[in-house]
Amino acid sequence: MKKKLTILFLGVFLLMLQGIAQQRKITGIVSSTDGTPLSGVSVKVKGSSTGISTREDGTYTINAAQGQVLVYSYVGAATLEKTVEGSDIINVTLNIEAKSLSEVAVTAFGVRKNVRSLGFSTQNVNATEVVEAKQENLVNALQGKVAGVQITNSSGSPGASASIMIRGGNSLSGNNQPLFVVDGIPIDNSTPVGQGGLVASYGPATNRAIDINPDDIASITVLKGPAAAALYGIRAASGAIVITTKKGSGGSARITYKGTASADMVNKLPVLQSKYMQGLNGVADNSTFRSWGPQFGTGQTVYDNLKDFFQTSFAQTHDLSVSGSSERTNYYASGSFFDQGSITKNSEFKRESFRVNADTKAGDKLTIGTSASYIHTQREYVPQGSMNGVMGVYYWPRNDDMKNYLNPDGTQRRITPTGPDNPYWSIMNKPINDEIQRAIIMGNISYDPFEFLNISYRLGTDYYNDNFKAILMPTGTFGGSVYQTLSNNQITTSTLIATYKRDIGKDLHMSFSLGHNLETSKYNGTTSSASRFVDPSFPSINNTVGNDRSVSEYLNRRRIVAGFGDLTLNWKDIVYLNLRGRNDWSSTLPVANNSFFYPAISASAIFTDILTNMGWKSDNHIFSYGKIRAAYSEVGKDAPPHMLTTAMETITNDFTINPRGFITNVYQFGDPALKPEFTRSFEVGADLRFIDNRYGLDVTYFRSQSTNQILNTRVPPSSGAWFTYLNGGSIKNQGVELVVTMQPIIQKNFRWNLNVNFAANTSIVKDLPGLLTKVELSDTWTDNNGAEAAAFLGETLFGINGKTWKRDANGTLLLNNSGYPQITDYTYVGDRNPEFTMGITNSFRLKNFSLDFMVDVRKGGMVYNATENSLVYSGLSTKTLDRSTIVLDGIIQSTGQKNTISIPLDQNFYQNYYTGESSNFVEDGGWTRLRYISLSYSFPSSKLGKIKNLALTLTGRNLILLTKYSGVDPEVSGSGAGIGGAGSFGFDNLGVPATKGFDFGVKLTF
């Protein structure tokens, strides 16, 4: 018996050795018919459980024996089979019937749906498009890539915030930015309005999407309207940016390194006058920092203080990742380091991030996945937004060398004891530091108890702590001050979804999902400040006396509980009907109003397939694909936390616009009867493809109405408060979006792809509560109180609220008896919303070379140039070169007679009258810019040996800017992305200038 067992064991062992010997490592690349590598293609050994997916570059590795059949399957492509024969390399080309057939969008909670089935507009941005933009802030990487998405970078400071809006704004004072979702988990992209008690324009904070490493991203789906974002609920009322991160694939482990070295410099600076020197009223005066003195004499030095203040900055990026998969498990891990310098000294932004993704199949029915990220960011920057920020350089007289900023005793040398600080001194002695430590952790389980039923559960949390500190060192009679904020932020989301699928007859298919969602958010922060340091060399709160200190603590809690359903009916994969509904219960609304339901319905039809089935269409060559779609949806929005009751404070109003001096025991009134606001949206669209799908047009028309606004608005001082929350007001948005895709040339060694995104939208305020005619955003005030953002009744949501010269109904100037203008109260002076935006992206592939560039176009949209206003006030603007006399074209109001009085164009006129007409500084903010141009070369794999991939890239950013705007760059946001409502874009307020730059990159794969 023992002998027989031994013989049997040896036989089995020999068979195993034979089987192992037969196994070979098969490698290859899977591409589409146009030569584009396809990632995510399923490659399986027929009749076995062995299978993998292709990597990002389309490559794969799988073990198979000679004679076995490999099955290649991909959404939108016919399944292909290949038999393993003599060669170990099997390259495959899949015939993609149409982009609309194959394109997949991640719609809600990580659920992937074929784009052809959707009745609403979405748009995808792939990983290559994100990376080639070479932006440290993920939001900026989307500029010009998606129709209907407007993105504004706040300044050229490293780590500067970027705001993003989709299809205009639907809130007068609340958050108009979309929800960010990573692998099915909502994350925080908030931007503090003002940290440490400082005003927003002093040191605009960073938006938290900057923490995401762009190289970890596999794809981004932009859900544009309420219908697209309906299942995400309240926080997606303004749309959603759904991010899918990279996962392992392709078999054996691959190590990839990417490195980039960058250089940046000032893109453009204002032209300053060099005719008049330091002084007042035409007389030389070295005790003033104004430039209203006499003309420069022959041989006198004219210093270029503005240009000399800035430097070339450098940055470096290093990304290292490892990925792979087996039959049941895939994994991806990455580490990244980013270090960005600044065009001003003592400023930088650093980001270190680590990420791990893994999924495994525990049997045939259960899949378990997890991901974890750790991010550490450090930002050091400088104050701006006024003459005491670093941009006080705009005030410095050109006959004085600003670089000479220290006195012999080591104290600051400034022109007057009460004048602006020397900018060189400011960058050394007014540091602002912000440090973030963040963790994003997610786990998911997917279980298929039956073929027709899937149950999935996802739990994730996004936690970060923020340590902010701003220092103003002592100078002159000022004893110094320090401002600090320590805060903790956390969002935890739990989602359970059960999906039932069934065929109803031969041609009708049904998918029905029921889900439960729970989200809790927590914020607690302590803000402290102190002034007058006892030891002037030691900036610390402990280095002050008790009466010079203040501390405030803030606690915010919010919980949203929701139930939702999603029903899709599909007839022959031709006609689709989708019904969605969600009910939310929000803790920020009163019990009587905290439950609210909102539905969505959408439909789409592939009419080219209908015509084919009816026998009316047989050739797909000319008209390849046609789809029509329509959607109606509603989405609710709750109030900010803790706005139902009145917060008690004791504050003396000694700094706002008159009247001053009242004493209040409240900062703002709460409203115990708040109701949710609603946005109702309708859209229709069509997706058309021609000439074998090489040319495409996607067009969408949309209209939405946001009513019952939860509005934070000013109240008269006589009420005893500054602000109140209430319901009231409505906004109407309507517009059109066009997406054009073209492949003009497809040859073996050369391809040309062209994509055009076009969008036009208007946002009109249709109603305001009570007697309100406008809603002002006081956090957007510019230097010298020149203007602010405001929404105007019957006008645009994105208005500019500024001072004007008095005019009659016909627009004629009404002058005083001395022939001078009369300055009126603040009113509407311009619309910051562009007429349209357009992004044009070209991609050329010639053998191993690739050239990509994007042209970004914005037509119209006004910008308030507060920087120019400051230059006029200081006497350095070229607008002040005319210092003669003028007779203003108008009438004397008291007599009605035409004006004949000549007035001098002197310091008094420019400072007290010219700057009082805000329209003098409202300019066309349109542009045409070369957003980036990138040239890459991939070395042939046959020459690399053990290296699997080697590519070099050279990129230029913002190299060409064509604009009528006289300032630095019309793409500005004076108070950063934290401002709600209409935001602060379109306000050029003494910010760090925008930059242009170059990047050199290398990519290695082993």
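**Figure 1. R931 and its salt bridge with E971 in the predicted model.** R931 is buried in this predicted model, with a relative accessible area of 5%. The side chain of R931 meets that of E971 in a salt bridge, with 3.0 Å from N to O. R931 lies in strand β53 and E971 in the loop between β54 (949-962) and β55, so the pair ties together parts that are 40 residues apart in sequence. E971 is also buried, because its relative accessible area is 8% and the cut-off for burial is under 20%. Both residues belong to a network of salt bridges that links D856, R929, R931, D969 and E971.

**Figure 2. The largest cavity.** The model holds 13 cavities of 30 Å³ or more. The largest of these has about 220 Å³ of space. Its lining is made of 24 residues, and the closest to the cavity centre are V149, Q150, I151, T837 and D856. Two or more lining residues come from each of β11 (149-153), β40 (750-767), β46 (836-846), β47 (849-859) and β53 (927-938). Strand β11 gives the most to the lining, with 4 residues. By type, the lining of the largest cavity divides into 12 nonpolar, 8 polar and 4 charged residues. D856, named above among the residues closest to the centre, is also part of the salt-bridge network with R929, R931, D969 and E971.

**Figure 3. The salt bridge between K859 and E835.** The side chains of K859 and E835 meet in a salt bridge, with 3.4 Å from N to O. K859 is placed in strand β47 and E835 in the loop between β45 (827-831) and β46, so this pair ties together parts that are 24 residues apart in sequence.

**Figure 4. The salt bridge between D364 and R328.** A search of the whole structure finds 39 salt bridges, and one of them is shown here, between D364 and R328. The closest N and O atoms of this pair are 3.4 Å apart. The bridge links distant parts of the chain, 36 residues apart: D364 is in the loop between β22 (348-361) and β23 (366-381), and R328 is in the loop between β20 (313-325) and β21 (329-340). How do the two partners stand in terms of accessibility, exposed or partly exposed? D364 counts as exposed, at 73% relative accessibility, whereas R328 is partly exposed, with a relative accessible area of 35%.

Figure 5. I368, I445, Y447, I455, Y457, L459 and L496 make a nonpolar surface patch of about 560 Å². Strands β24 (432-450) and β25 (453-472) each supply at least two of the patch residues. The most comes from β25, with 3 residues. L496 is found in strand β26 (residues 481-504). L496 has a relative accessible area of 41% and is therefore partly exposed; membership of a patch calls for over 30%.

Figure 6. Most residues other than glycine have a negative phi. Which loops hold N693 and L990? N693 lies in the loop between β35 (677-690) and β36 (695-707), and its phi is near 70 degrees, a positive value. L990 is in the loop between β55 (987-988) and β56 (995-1005). L990 is not a glycine either, and has a positive phi of about 55 degrees. N693 counts as buried, at 18% relative accessibility. L990 counts as buried too, at 0%.

**Figure 7. V45 and E81.** V45 is found in strand β2 (residues 42-45). With a relative accessibility of 2%, V45 counts as buried. In sequence V45 and E81 are 36 residues apart, and in space their C-alpha atoms are 9.6 Å apart.

Definitions and conventions. Residues numbered from 1 in each chain as written. Predicted model: local features only at pLDDT ≥ 70, side-chain atom pairs only at ≥ 80, totals over all residues. Heavy atoms only, no water. Patch = residues over 30% accessible without salt bridge, like charges linked within 9 Å, V, L, I, M, F, W, Y side chains within 5 Å. Areas by Shrake-Rupley, 256 points an atom, 1.4 Å probe, with all protein chains shown as cover. Salt bridge = Lys/Arg side-chain N within 4 Å of Asp/Glu carboxyl O. Buried < 20%, exposed > 50% of the residue type's maximum accessible area, 1.4 Å probe, protein only. 1 Å grid on protein atoms, 1.4 Å probe; cavity = no way out; pocket = protein on both sides within 12 Å on 5 of 7 lines; lining within 4 Å. Points joined across faces, edges and corners; volume = space filled by probe spheres on them. Nonpolar A, V, L, I, M, F, W, Y, C, P; charged D, E, K, R; others polar.
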